[in-house]
Amino acid sequence: MTNQPYGAYDPYQDPQQAQGVWPGQQQAYEDPYADQQYTQQWQGQTWETQMQPPVAAAAYAPVSPAPAPVPQTAQAAQAAQAVPEAPAADGSGPEYGPATMGGNSRVTDAQRARAEGRSPIIEPGMQPALLTALLGLSLAGGAALGTYALLVPLVVLQGLTAAGWFRLNGMWPARQGIALGFLGALAADAALLVSDRSTAAILGTLGVWVLLSLVLQLRSHADPDERMYGLMATVVAAALAIAAAGYLAADASAVTVGAVAVAAGVVARALPLPTPVSVVVAVAVAAGAGFVVEGSAGALVGAGAAVCALIGHRVASYDYPSRFVHFTAGVALPLAAAAPAVHTLARVLT
């Protein structure tokens, strides 16, 4: 028998062949130590081929080492915590829609638009539209009753306009700007009453309040960019509130026609219709309401007032507005934007 080096054991070799005995051949046991004088004696631990069964080939397949653990960063840990749990098998867990290429289906349209850098548009809805209609009917009823009866809902409209415009531009509380715009509206109302409803009173008050807004922002210690934003917001808020005084300068019949037309048009705009269809329906409904109140001239005044009111309604829906914006600017801007159209169209058509 020839000696093999240590570790050269073949598991597929027959044990009898490893001992030099072939099948059918009888093994000799005369002298078990006779070969020791010619062979090398191993003192270490060796394989015992007589006691070990043949090992399957799969046991000697190379084993790939386990990958080293990747250190988890803080961002990865936060992302792992943000992953929602899968719904349970019994349906008790949260149910989520499938993922989409345009973004997560659980994200609202406004949130997705903001994430993509677009301006999300959220329309005020039916409740602010009903409040606008109520305020418009109050203006129409006040105009029918007299000047001082018209003054009460008009002051409410001007206050909502000044506060809603500042919040629509993301500036809150901005008490000084809101107070300045509201005081400008009150000054315009007083000037109109003193001057026997002269249009020059509105223009003069507007010019003075632009200067006051500029002085107010020059005294501010904010950053230059903030002061510029504040100046623009203050000037526009004062301008819109003062322009709403056009209801006080117009004839009572024109105020009634315009307020009723805006009330009907804004409610029609809030109906669940596609936007182009809703705009056309709102203008048509406003023109019809004006026609019912004042005939063909009233239809023209109502249509013009509705167009301006829809512009104000669209502005109140701009750039992710809050619920407070919807119930201030969303209520007041349609009526405030329609005031110049009511005054001008009534002067032209009569």
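Predicted model: local features only at pLDDT ≥ 70, side-chain atom pairs only at ≥ 80, totals over all residues.
Residues are numbered from 1 along each chain as its sequence is written, and side-chain values use heavy atoms, with hydrogens and water left out.

Of the 350 residues in the protein chain, 33% count as buried; buried means under 20% relative accessible area, exposed over 50%, and partly exposed in between, with a 1.4 Å probe and protein chains only. Contact here means heavy atoms within 4.5 Å, and among the contacts with a separation of 6 or more, 71% are accounted for by residues 24 or more positions apart.

**Stop one: helix α6.** Select residues 175–194, the 20 residues of helix α6, which reaches 28 Å from its first C-alpha to its last, close to the 28 Å expected at 1.5 Å a residue; the expected span is 1.5 Å times one less than the number of residues. Its buried residues include Gly 177, Ile 178, Leu 180 and Leu 192, and the buried residues of α6 pack against α5 (147–168), α7 (199–218), α8 (224–243) and α9 (246–249). Just after α6, look for Asp 196, which takes a positive phi of about 60°.

**Stop two: Ser 213.** Move to helix α7, where Ser 213 has its place, and note that Ser 213 counts as buried because its relative accessibility is 0%. Leaving aside neighbours within four places in sequence, Ser 213 is in contact with Leu 180, Leu 231, Thr 234 and Val 235.

**Stop three: the nonpolar cores.** A nonpolar core is a set of buried Ala, Val, Leu, Ile, Met, Phe, Trp, Tyr and Cys residues joined through side-chain atoms within 4.5 Å. Of the 40 residues in the largest one, select Leu 139, Leu 154, Leu 157, Leu 192, Tyr 247, Val 262 and Leu 335, which touch the most other members. Helix α13 (residues 329–349) gives the most to this core, with eight residues. Apart from it lies another core, of 13 residues, among them Trp 165, Met 171, Ala 237 and Ala 329.

**Stop four: Val 331.** Stay in helix α13 and pick Val 331, which counts as buried because its relative accessibility is 4%. The C-alpha atoms of Val 331 and Ala 129 are separated by 6.5 Å, although these residues are 202 residues apart along the chain.

**Stop five: a salt bridge.** Next select Glu 123 and Arg 269, which form a salt bridge with the closest N and O atoms 2.7 Å apart; a salt bridge is a side-chain nitrogen of Lys or Arg within 4 Å of a carboxyl oxygen of Asp or Glu. Glu 123 lies in the loop between α3 (109–115) and α4 and Arg 269 in helix α10 (residues 252–269), so the pair ties together parts that are 146 residues apart in sequence. Glu 123 is partly exposed, with a relative accessible area of 34%, whereas Arg 269 is buried, at 9%.

**Last stop: Met 126.** Finish at Met 126, in helix α4 (residues 126–145), which counts as partly exposed because its relative accessibility is 32%.

Note on methods. Helix = DSSP H or I, 4+ residues; strand = E, 2+ residues; numbered from the N terminus.
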